[in-house]
Amino acid sequence: MSHHIVEVKQLRHVYPDGTEALRDVSFRIHHGESVAIIGANGAGKSTLLLHLNGYLPATSGTIRIGDHPLSKETLNEIRRTVGMVFQDPDDQLFMPTVFDDVAFGPLNQGLTPALIEQRVTDALERVEARELRNKPPYHLSGGEKKRVAIATVLSMLPEILVLDEPTAGLDPRARRQLMALLQDFHHTRIITSHDLDMVLELCERTIVLHQGMVMADGPTLEIFGNETLLAACHLEKPFSMQGCPVCSPKAIRRLPKPQPPLVPPHGDRQHDHAHHLHDHDHHDH
Ligand SMILES: Nc1ncnc2c1ncn2[C@@H]1O[C@H](COP(=O)(O)OP(=O)(O)OP(=O)(O)O)[C@@H](O)[C@H]1O
Ligand SMILES: [Mg+2]
């Protein structure tokens, strides 16, 4: 596949109980784009993502990944290209050990044991989960499960990475580290999240879903600057665009005079208000 576009045309999904979760959703994502899909609870984000590699069948409409329209015949090839991290890691982890789960994809790709070992080691390294390798997934904490779920997808070296709420349940350091990992992933990224500060930092483009419909699709900064749109879709601006209650000039005047730091403040992390890039784990202050 040459261009790895993701094209969704007039997608509609009705669940068996009659819930119309997606109505006429259309967009086109080009190779290398980093796109957020945001929306309130129940807007249809997970339902939409689950169509991108055929976990859910469209009620009507079409999906095209690269040169292939999604169909029974192209499903295996498309699943090799599109790596999907589910919202709930328990949907992703089903083997007796973490190693087996992360090796599952490469094994199905027919790689040699040495290559599989390499892929598993690399993927676990990237999510800082080396020490979990021999544990059963059901013994892991929520955040550990999430990191291992991401490793099961990274080990397949996907060309399109689709992540449903990747930072949910992660502690601030793991969140930061995941964001750095995603920053380094230069293929297509499609991410749903309620972590709008992460969206602001990682995604140049945002698609807003509301009640199963695309309400806006454009540059992330423009979307977050549109208060009427956000209110209509039951969304709020990212914290870093709301004016930080701790860093605001008023609050700073109330703070005690800072003592000389024992270690350089902030380490390698920039507290960069001008670019709206400071994330709100206020442990930094
Ligand atoms: N299996 C199902 N059967 C019936 N209705 C469903 C099913 N799964 C989801 N829905 C409904 O479809 C709609 C969209 O759900 P979806 O999980 O896609 O929302 P979401 O945007 O991912 O929400 P969240 O932010 O809470 O993850 C909701 O109204 C939900 O109740
Ligand atoms: Mg969801």
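Visitor: Is Glu165 buried, partly exposed or exposed?
Guide: In this predicted model, Glu165 sits in the loop between β7 and α6 (172-183). A residue is buried if 20 or more other C-beta atoms lie within 10 Å of its own. Glu165 has 20 C-beta neighbours inside 10 Å, so the residue counts as buried.

Visitor: What is the phi of Glu165?
Guide: Most residues other than glycine have a negative phi. Glu165 is not a glycine, yet its phi is positive, at about 55 degrees.

Visitor: Where is His234, and is the residue buried, partly exposed or exposed?
Guide: The loop between α9 (227-232) and α10 (249-254) holds His234. Its phi is positive, near 60 degrees, in a residue other than glycine. Between the limits of 12 or fewer for exposed and 20 or more for buried, a residue is partly exposed. His234 has 13 C-beta neighbours inside 10 Å and therefore counts as partly exposed.

Visitor: Is Arg130 buried or exposed?
Guide: Arg130 lies in the loop between α4 and α5. Leaving out residues up to four places away in sequence, Arg130 touches Leu124 and Glu125. A count of 12 or fewer marks a residue as exposed. Arg130 has 12 other C-beta atoms within 10 Å, so the residue is exposed.

Visitor: What distance separates the C-alpha atoms of Arg130 and Val120?
Guide: Along the chain, Arg130 and Val120 are 10 residues apart. Their C-alpha atoms are separated by 9.2 Å.

Visitor: Which residues of the largest nonpolar core touch the most other members?
Guide: This core comprises 64 residues. Its largest share, six residues, comes from α5. The members that touch the most others are Ala151 and Val162.

Visitor: Against which helices do the buried residues of α3 pack?
Guide: Helix α3 covers residues 98-108, and its buried residues are Val98, Asp101, Val102, Ala103, Gly105 and Pro106. After the helix comes Gly110, with a positive phi near 80 degrees. The buried residues of α3 pack against α4 (113-126) and α5.

Visitor: Which residue in β8 stands opposite Ile37?
Guide: Strand β3 (residues 34-38) and strand β8 (residues 188-192) run parallel and are joined by four bridges. The residue in β8 opposite Ile37 is Thr192.

Visitor: What is the strand order of the open sheet of four strands?
Guide: The pairing here is antiparallel. The edge strands, each pairing on one side only, are β2 and β5 (68-69). Five bridges join β1 to strand β4 (residues 60-65), with Val6 opposite Ile65. The order is β2-β1-β4-β5.

Visitor: How many residues lie between β1 and β2 in their hairpin?
Guide: Strand β1 (residues 6-14) and strand β2 (residues 20-29) pair in the antiparallel sense over six bridges, and Leu11 stands opposite Val25. In the turn, Gly18 has a positive phi of about 100 degrees. The number of residues between the two strands is five.

Visitor: Which helix gives the most residues to the shell around ligand 1?
Guide: The shell has three nonpolar, eight polar and two charged residues. Of these 13 residues, Tyr15, Ala21, Lys45, Ser46 and Thr47 come nearest. The helix that gives the most, with three residues, is α1 (residues 45-51).

Visitor: What percentage of the chain's residues is buried?
Guide: The chain has 10 helices and 10 strands. Among contacts between residues at least 6 apart in sequence, 66% join residues at least 24 apart. Of the 285 residues in the chain, the buried share is 38%.

Definitions and conventions
Residues numbered from 1 in each chain as written. Chains lettered and ligands numbered in written order. Predicted model: local features only at pLDDT ≥ 70, side-chain atom pairs only at ≥ 80, totals over all residues. Pairing = 2+ DSSP bridges. Near = placed C-beta within 6 Å. Nonpolar A, V, L, I, M, F, W, Y, C, P; charged D, E, K, R; others polar. Contact = placed C-beta atoms within 7 Å. Core = buried A, V, L, I, M, F, W, Y, C linked by C-beta atoms within 7 Å.
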